[in-house]
Amino acid sequence: MTRVSKGLKATYPIENMIGAVEAVRAGSSVREAAAKYGVPKSTLGDRISGRIDVEARPGRAPVIPKDIEDAMVSKAMSRADQGFGLSKRTMIARAGTLCKTMGFRNNFTNGVPGKAWWAGLKSRHPALTLRRPEKLSTTRSRAMNPTVVGAYFKDLHFEVASLPPTSIWNMDETNMCLEHKPANVVARKGAKTVPGRTSNSRETVTFLPCINAAGQKMPPLIIVKGKTSRSLRSYNVHEGPDGALWTYQKKAYMTDEIGAQWFCEIFLKNCGDIRPQILIMDNHHSHESLSLLEAASDNNIKVLSFPPNTTHYLCPLDRAVFGPFQRAYDSVCSEFTTSSVNAIVNKLTFPKLLNEAYVQSFTRVNIVAGFQSTGICDWDPLAIPVKGFSASVPFDKKKDQVVEEHPLQWVIRETTATTVSGEPSVQPQASTSSADDSLVSLEPQVPISSADDSLLNICPDVIDQEGNVVAHLIIENNLNPISPSNDPVMPSVISDEDFEAASVLVALNDSSDTLSCNWNSDIDALFGVGTPEVKVSETKSNPKRVTSHRLLTSKEVIQEKREEQLKKELKAKQMDDRKRKQEQKYKLKLEKEFAKKQKTE
């Protein structure tokens with residue numbers, strides 16, 4: 001049951017008490033200092049005598065000591081940064097388990113902390129709060145690895161070092177749905193529901209833009225759902241973005257043929273005559289078609305792919321353009337649907353609304369910010385925020401060293417060292433790995449700090465999280481977690497009524513009493529993230545699986561694509577031959593049956 005306060009509360013800030021103590025120690029009397037700083041004389045006397053600590057807070061002392069509680073909260077917040085955050089219910093369950101394991105005296109009901117303890121914990125740690133996490137797949141968590149991303153930046157430096165911003169391009173696609181998300185509206189306070197009109201159709205359209213580091217953009221490619229060109233007649237394509245190429249596909253998906261069509265009819269006609277140029281995009285199969293890569297190689301245009309599942313931090317369009325574009329589309333559609341009773345978002349009105357959102361969001365400021373925030377132009381690996389690598393830390397198998405520097409600082413050092421020596425800064429390589437282990441550090445792993453990830457300046461020295469140059473590396477080794485499968489309670493969302501002790505007792509009864517007497521290891525066991533287990537399937541993965549970036553226009557990749565194409569054609573020919581033989585066999589059987597029937601008659 002929640003503890004009821006007796007109304008005792010300090011009416012002065014703790015800073016006043018500290019100032020009064022310092023004044024007394026400087027020569028003032030207790031009475032004068034108490035009157036000057038507005039604190040009780042008797043309370044000040046207790047601080048001066050040493051009976052009570054100077055910074056002691058009014059009220060009962062916390063059940064868990066300050067050092068242990070600080071470490072517990074720090075571990076919990078680090079888990080949240082890594083994608084293993086604890087729910088409110090789980091946090092309280094583990095705190096109760098910790099009190100039981102370490103023998104802390106408490107007055108918790110059935111040994112389970114309640115709402116009063118949780119409120120006190122939040123007041124003692126203002127940085128602690130409840131947040132709803134954003135969705136992040138496990139594949140993307142593992143892919144944002146400093147080794148994988150660092151290798152990409154090394155090759156990127158070699159490719160873009162001598163190119164102007166107008167020759168560095170990025171292409172990506174996104175889905176646009178006719179059903180938009182209504183914007184906030186002015187409504188009556190206390191209203192349970194406020195309706196917002198949307199489209200009658202949830203049909204999606206693929207939108208494919210292309211931008212460069214100078215803030216310029218090409219006409220987009222728009223793919224609608226349909227099997228013939230008649231499907232385009234439902235759209236007012238003349239009201240869409242200027243110069244846009246409208247096409248169709250039965251599911252409105254990107255295909256190899258459409259990818260090659262986009263490259264020949266849009267990219268080559270709008271990229272200019274300067275050569276060489278580079279096009280950076282993800283590794284979707286439609287972007288790696290043989291016809292597209294051969295056309296790029298013939299026109300002296302290099303095609304570089306991002307490491308798989310890293311575009312949320314490395315792709316300029318994903319980083320700074322698609323978000324404003326989607327918000328602008330929702331805003332434009334909301335204004336349109338509220339302007340008139342007959343205003344409906346459908347295939348006829350969609351192109352005009354899409355164009356308005358396109359003009360508002362695809363601005364030079366947004367486009368240039370996308371290339372800068374992803375470190376492409378000007379080349380800067382440290383532009384990737386530190387928190388982007390936090391989710392990959394639990395999956396790293398090498399956690400021996402903890403270095404207080406940016407995870408990609410080693411790329412700056414290696415690139416600078418090779419440049420100063422007079423040799424090419426980075427030798428281009430088509431990085432292909434044969435196993436998932438490429439996502440694990442092959443060099444000394446640079447772990448992640450939970451400190452603020454401000455953008456840092458490029459410098460060959462060691463840089464800490466706040467941008468200060470330090471002369472040495474601070475090494476720690478206090479990670480000793482256990483597997484997350486030992487969670488006392490699985491995280492879940494519960495209501496306040498279900499927050500009582502009964503919902504947590506199962507976790508306490510099932511908890512182990514064999515934890516170490518060292519409170520550091522106990523906290524690691526309860527609030528740390530476990531070490532990944534090596535599975536047999538990971539060591540015997542597909543040898544052709546690509547787990548890093550590639551220069552798609554290299555001779556090796558094009559030759560690989562040609563061999564794949566020949567194998568595909570050979571397989572199709574064999575299937576046609578088998579089908580033809582089966583048809584001939586079936587035809588011969590029918591002829592024999594017909595002849596036998598004729599003979600019988």
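Biologist: Which helix lies across β2 and β3, and at about what angle to β2 does it run?

Modeller: This is a predicted model, in which local features need pLDDT of at least 70 and side-chain atom pairs count only at pLDDT 80 or more, while totals for chains, interfaces and linings use all residues. Residues are numbered from 1 along each chain as its sequence is written, and side-chain values use heavy atoms, with hydrogens and water left out. Helix α12 (residues 316-337) lies across β2 and β3 and runs at about 5° to β2. Helices (H or I, at least four residues) and strands (E, at least two) are DSSP runs numbered from the N terminus. Angles run from 0 to 180 degrees between N-to-C directions, with axes fitted to C-alpha atoms, for helices over the stretch in contact. Contact means heavy atoms within 4.5 Å. Helix α13 (residues 350-361) also packs on the sheet, where it touches β2, β3, β5 and β6, and its direction makes about 40° with that of β3.

Biologist: What is the strand order of the open sheet of four strands?

Modeller: Strands of a sheet pair through backbone hydrogen bonds, either parallel or antiparallel. Here the order is β2-β3-β5-β6, with mixed pairing; two strands pair if DSSP finds at least two bridges between them. β2 and β6 (245-249) are the edge strands, each with a single partner, so one side of each has no neighbour in the sheet. From one strand to the next, the twist averages 30°.

Biologist: Which residues pair up between β3 and the strands β2 and β5?

Modeller: Four bridges link β2 and strand β3 (residues 204-208) in the antiparallel sense, and V205 in β3 is the bridge partner of M176. β3 also runs antiparallel to strand β5 (residues 221-225), with three bridges between them; F207 stands opposite I222 there.

Biologist: What is the order in the open sheet of five strands?

Modeller: That order is β4-β1-β7-β8-β11, again with mixed pairing. At its edges stand β4 (210-212) and β11 (550-551); each has a single partner strand, so one side of each is left without a neighbour in the sheet. Strands β1 (residues 168-171) and β7 (residues 277-281) run parallel and are joined by three bridges, with I168 opposite I278 in β7.

Biologist: At roughly what angle do the axes of α4 and α6 cross?

Modeller: Two packed helices are described by the angle between their axes and the distance between the axes. The axes of α4 (residues 66-81) and α6 (residues 115-124) cross at roughly 85° and come within 12 Å. That makes α4 roughly perpendicular to α6. E69, M72 and V73 in α4 meet W117, L121 and R124 in α6.

Biologist: Which peptide bonds are cis?

Modeller: Among them is the bond from R275 to P276, with omega near 0°; P276 lies in the loop between α9 (256-270) and β7. Another is the bond from C377 to D378, with omega near -10°, and D378 is in the loop between α14 (364-373) and α15 (387-390).

Biologist: Is N110 buried or exposed?

Modeller: Buried means under 20% relative accessible area and exposed over 50%, with partly exposed in between (1.4 Å probe, protein chains only). N110 has 54% relative accessibility and so counts as exposed. N110 has a positive phi of about 55° although it is not a glycine. N309 has a positive phi of about 65°, and at 32% relative accessibility N309 counts as partly exposed.

Note on methods:
Parallel < 35°, antiparallel > 145°, perpendicular 65-115°, else oblique.
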